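Reader: I'm new to this one, could you walk me through it? I'd like to see it before we start.
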Amino acid sequence: MKLKNILIGLGLLMLFQGTQSCIDDRGNYSYISKEELLPVTISGFEDTTVVIRSTLNITPVLENMDDEARYIHLWYAAPSVTAGFAPQRDTLSLEKDLSFEVTYESGTYNLVYEVRDPKLDIYVRKQVLMTVQSDVSTG
């Protein structure tokens, strides 16, 4: 009985200590919006249709970027329709401007451009549809 009372007392003491430490931790609950942390906006390209074996060139327009050398750029594509499995993404470029020879099969793909701040480990991205068509028709 004595050991049980000691364990209950220690448990209550730890519970009160945990509650007190959360109350005093005032700096942990401030919220900063994503626009304030990474104010970069991406524009300059929309949904596109390309032909197999052609070159896709895109130059994104970036606004509110303070120091372009600070950011990591990433272009990738993934199938837009998958049948019960996670889509495999394919890295196209690590440069700001995309110049890519289309070698995909005919179909629809998600084309994504991502700007990442490695210091804060946050990113902003823009996703569009890329429709790939064959230059030959069935006949």
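Reader: What lies over the face of Phe45?
Author: Keeping in mind that this is a predicted model, Lys126 lies over the face of Phe45, and its distance from the ring centre is 5.0 Å.

Reader: And which residues does Phe45 form a cluster with through ring pairs?
Author: Phe45 is linked by ring pairs to a cluster that also takes in Trp75 and Tyr113.

Reader: How many aromatic pairs does the structure hold?
Author: The structure holds five aromatic pairs. One of them joins Tyr104 and Tyr109, whose ring centres are 4.8 Å apart with the planes at 25°, and because planes under 30 degrees apart count as stacked, the pair is stacked.

Reader: Are Tyr104 and Tyr109 buried or exposed?
Author: Both Tyr104 and Tyr109 are buried.

Reader: Back to charges over rings: where does Arg89 lie?
Author: Arg89 lies over the face of Tyr76, at 4.1 Å from the ring centre.

Reader: Changing topic, what about the largest nonpolar core, and which residues have the most contacts inside it?
Author: The largest nonpolar core has 25 residues, and Leu111 and Met130 are those with the most contacts inside it. The elements that give two or more residues to this core are the strands β3 (55-58), β5, β7 (98-101), β8 and β9 (122-133).

Reader: Which element gives the most to this core?
Author: That is β8, which gives four residues to the core. As a general background, nonpolar side chains in soluble globular proteins tend to be buried together.

Reader: What does Met130 touch?
Author: Not counting residues up to four places away in sequence, Met130 touches Thr48, Val50, Leu56, Ala77, Tyr104, Gly107, Thr108, Tyr109 and Leu111. Among these residues are Tyr104 and Tyr109, the two rings of the stacked pair.

Reader: Which residues is Asp117 in contact with?
Author: Leaving aside neighbours within four places in sequence, Asp117 is in contact with Leu38, Arg70, Tyr71 and Ile122.

Reader: And Asp66, buried or exposed?
Author: Asp66 is exposed, with a relative accessible area of 56%. Asp66 is found in the loop between β4 (61-63) and β5 (72-79).

Reader: How are Asp66 and Val40 placed, what separates their C-alpha atoms?
Author: Asp66 and Val40 are 26 residues apart along the chain, and their C-alpha atoms are separated by 8.7 Å.

Definitions and conventions:
Residues are numbered from 1 along each chain as its sequence is written. This is a predicted model: local features need pLDDT of at least 70, side-chain atom pairs count only at pLDDT 80 or more; totals for chains, interfaces and linings use all residues. Side-chain values use heavy atoms; hydrogens and water are left out. Rings of Phe, Tyr and Trp (its six-membered ring) pair if their centres lie within 6.5 Å; planes under 30 degrees apart count as stacked, over 60 as edge-to-face and the rest as tilted. Buried means under 20% relative accessible area, exposed over 50%, partly exposed in between (1.4 Å probe, protein chains only). A charge sits over a ring if NZ of Lys or CZ of Arg is within 6 Å of the ring centre and within 35 degrees of the ring normal. Contact means heavy atoms within 4.5 Å. A nonpolar core is a set of buried Ala, Val, Leu, Ile, Met, Phe, Trp, Tyr and Cys residues joined through side-chain atoms within 4.5 Å.
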